[in-house]
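Here's a quick walk through one protein chain, from the overall picture down to a few individual residues. Have the viewer open as you read.

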Amino acid sequence: MKKILIIEDDRRIAQNISRGLQEEGYTTEVVYEGLNGRQMALQTDVDLLILDINLPGLSGFEVCRSVRAEKPQLPIILLTALGEIEDKVEGLSLGADDYLVKPFDFRELVARVATCFRRVARTVDRPITEEILQVANLTVNVTAKDVRRDNVPIDLTAREFALLEYLMRNRGRVLSKIDLAETVWNLNFDPGTNVVEVYVNYLRKKIDRDFEPKLIHTRPGMGYVLKED
């Protein structure tokens, strides 16, 4: 039976989620603040984490960062009243697998929990074979999450890696901001946000600035393309 840890400071919401998930066949544990929640997530055997962002003691963002560093395979669903796109991007960039904004329909939460578990099952059942993408002197080991340029290791965040992987898989193809936002961040594109430009610039600084040839190119009015000129 899958065990789900709920870290939520609103006791009514936490208990409602807990009871509902138990009725769906899961076992649950509830913690009402960040520090104890992080400790339980790291030191006990749990299969999925449902995490509020506005927590006393330690924010949900910090809990997410710590848990992802220690347990890279543990599914994390952020559950929060913060609906701004920047908050969604922040949570996903820290390694959360999904993001649900309050108020929510409990059926949607159950569906997202099931999706996370299916994703984990596919990963576990899949034979371990290394997949390596390469363009010029840039190599991306998708399996090991290792990036190198001229054999120099490059440290990327989870969201930077996802963006680079998508660009690599679509090498030579111009990708629009809408395509990148919806695919890499699973977000409906907001023309008022510059999140795509910000992360493309992050990547350029890490994989292009000190190396040749330049690989990430801007196509004004169209998007971005990764290719060797």
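## Contacts and overall fold

A contact here means heavy atoms within 4.5 Å. With that in hand, take the contacts between residues at least 6 apart in sequence: 57% of them join residues at least 24 apart. Keep in mind that this is a predicted model.

The chain is built from eight helices and 11 strands. Its C-alpha trace spans about 55 × 40 × 30 Å along the principal axes.

## Surface and charge

Of the 229 residues, 45% count as buried. The accessible surface comes to about 11900 Å², and carbon and sulfur atoms hold 48% of that.

On the charge side, there are 32 positive and 37 negative side chains. The centres of these two sets lie 2 Å apart.

Helix α1 covers residues 11–23, and S18 lies in it. Is S18 buried or exposed? It counts as buried because its relative accessibility is 5%, and the cut-off for buried is under 20%. The S18 side chain makes a polar contact with the side chain of T28, at 2.6 Å. Leaving aside residues up to four places away in sequence, S18 touches I6, T28 and V30.

R12 is found in helix α1 too, but R12 is exposed, with a relative accessible area of 55%.

## Cis peptide bonds

Which residue does K102 join through a cis peptide bond? That partner is P103, with omega near -5 degrees. P103 has its place in the loop between β5 (98–101) and α5 (106–125).

Another cis peptide bond joins E212 and P213, where omega is about -5 degrees. P213 is in the loop between α8 (195–208) and β10 (216–219).

A136 isn't a glycine, yet its phi is positive, near 55 degrees. You'll find A136 in the loop between β6 (132–135) and β7 (138–141). A136 is partly exposed, with a relative accessible area of 26%.

D150 also has a positive phi, about 55 degrees, without being a glycine. The loop between β8 (146–149) and β9 (152–154) holds D150. With a relative accessible area of 46%, D150 is partly exposed.

Terms used
Residues numbered from 1 in each chain as written. Predicted model: local features only at pLDDT ≥ 70, side-chain atom pairs only at ≥ 80, totals over all residues. Heavy atoms only, no water. Helix = DSSP H or I, 4+ residues; strand = E, 2+ residues; numbered from the N terminus. Buried < 20%, exposed > 50% of the residue type's maximum accessible area, 1.4 Å probe, protein only. Areas by Shrake-Rupley, 256 points an atom, 1.4 Å probe, with all protein chains shown as cover. Lys, Arg positive; Asp, Glu negative; His and termini not counted. Charge placed at Lys NZ, Arg CZ, Asp CG, Glu CD. Polar contact = N/O pair within 3.5 Å; in protein donor to acceptor, adjacent residues only side chain to side chain.
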